[in-house]
Amino acid sequence: MQQPTLADLTTLGVGGPVGAYVETSTEAELIDVVRAADADGAALLVLGGGSNLLVADEGFDGVVVRDTRTGLTMPDHSACAGVTVTVPAGTPWDDVVAHAASTRLYGIEALSGIPGSTGATPVQNVGAYGQEVAQTVATVRVWDRSRGRVRTLPLVDLAFGYRTSLLKRSMRVDPQDPGAPWYPTPRYLVLDVTFQLRVGPLSAPVAYAELARALDIAVGERAPLPDVRAAVLQLRSRKGMVLDPADPDTASAGSFFTNPVLAEADAAALPDDAPRFPAEGGRTKTSAAWLIEQAGFARGHGLPGPAALSTKHTLALTNRGGATAGDLLALARTVRDGVREAFGIVLEPEPVLVGAAL
């Protein structure tokens, strides 16, 4: 097999050569490769769908591992407690959502159409349309690179927050962990994820107004599972957030910036018409897309260049064909700096930046 570049392995389609590339098809193979790389002191990048990465044009002079395991099992099928579903990390996430929606299992239907692998979902607590995986994750089995052993982390230990978790935080400096930062692969390498889903023909109560409108129901009401999945896929497609090789708006890493979560004083300084949503700790979440648009960046900003904002949604930075990582980073800096100048808010990137920084 010819060794791929990171451009071949990511949805943004940018990134240079790799030092070594390995595909693993069993848990034992995955652990062996990771353990060997760590023992050699080699840089390590474990990826699934490559949908949340922006890798430098210089590439990655380390070991790139792609986990190809797929499937799911249901070790516990109790209608009272729900159904336990265990999924290997390499399984495409939307396959899991499709299976759940088609077998009367609810709780993740609003997460339809999100690209990438299941193992990535608990790392950044993937969420959309009012749902997060934190609402259904029971446990995550991991290879703890620091302790050199397999561990099962229950929900209470995963420390989920808005687009973050214990897993993601291990990628940052931590005075209590001499091995940190574990970057660009977390200390806790996901092996499989166990979800607790409920049984029934209807969705969980719909919490997101846009989705409720699409279903012609009120927020808090429920709808047939297939209808909710279809509505989410349609909404995401309109925004260029469902992968489609024929649509250049989907050559992205999804939402490039997270929605800012603001302290009370900062939220009070927002314009009166700015979106506001309650967040943890009495803070307020606002819309990154709204900030970007109000700062003067319209859909398609950057065209006809090779890197531009999506023509469907200002949160997505897209490779229009032939873009480099440098092109996309320059666009991201322009947008970030424009929002900071207009509102005093610094947008944070959602994708993992490998060999690059804003």
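Contact here means heavy atoms within 4.5 Å. With that in hand, here is a quick tour of the chain, starting with the overall picture: among contacts between residues at least 6 apart in sequence, 59% join residues at least 24 apart. This is a predicted model, where local features need pLDDT of at least 70 and side-chain atom pairs count only at pLDDT 80 or more, while totals for chains, interfaces and linings use all residues. Residues are numbered from 1 along each chain as its sequence is written, and side-chain values use heavy atoms, with hydrogens and water left out.

**The whole chain**

- You'll find 10 helices and 18 strands in the chain; these are DSSP runs numbered from the N terminus, with helices being H or I of at least four residues and strands being E of at least two.
- The radius of gyration is 20 Å, close to the 21 Å from the globule rule for 358 residues, so the chain is as compact as a globular protein of that length. That radius is taken over C-alpha atoms, and the rule is 2.2 Å times the number of residues to the power 0.38.
- The C-alpha trace spans about 55 × 50 × 45 Å along its principal axes.
- Of the 358 residues, 52% are buried (under 20% relative accessible area, with exposed meaning over 50% and partly exposed in between; 1.4 Å probe, protein chains only).
- The accessible surface comes to about 15,500 Å², and carbon and sulfur atoms hold 52% of that (Shrake-Rupley method, 1.4 Å probe; for residues, only the protein chains shown count as cover).

- In β12, 9 of the 12 residues are buried, so the strand is largely enclosed by the rest of the structure.
- Strands count as paired if DSSP finds at least two bridges between them.
- β10 (residues 137-144) runs antiparallel to β12, joined by 7 bridges, and D144 has Y188 as its bridge partner.
- β6 also pairs with β12 in the antiparallel sense, over 6 bridges; V83 stands opposite L197, and V87 is partnered by V193.
- β6 (residues 82-88) is itself mostly covered, with 7 of its 7 residues buried.

**A closer look at D192**

- D192 sits in β12, which covers residues 188-199.
- D192 is buried, at a relative accessible area of 10%.
- Its side chain makes a polar contact of 2.5 Å with that of R141 (a pair of N or O atoms within 3.5 Å; within protein, one must be able to donate a hydrogen and the other to accept it, and residues adjacent in sequence count only if both atoms are side-chain atoms).
- Leaving out residues up to four places away in sequence, D192 touches E27, T86, V87, P88, A89, V140 and R141.

**Helix α3**

- W93, V96, V97, A100 and A101 are buried in α3 (residues 93-102). Seen down the helix axis, the buried residues fall within an arc of 125°, so they line one face of α3; the arc is that of the directions from the axis to the C-beta atoms.
- The cover over these buried residues includes β6, β7 (105-106), β12 and α7 (225-238).
- Just after α3, R104 takes a positive phi of about 65°.

**A three-stranded sheet**

- An open sheet of 3 strands runs in the order β13-β15-β14, with antiparallel pairing. β13 (261-262) and β14 (277-278) stand at the edges with a single partner strand each, so one side of each has no neighbour in the sheet.
- β14 pairs with β15 (residues 284-285) over 2 bridges, and P278 stands opposite T284.
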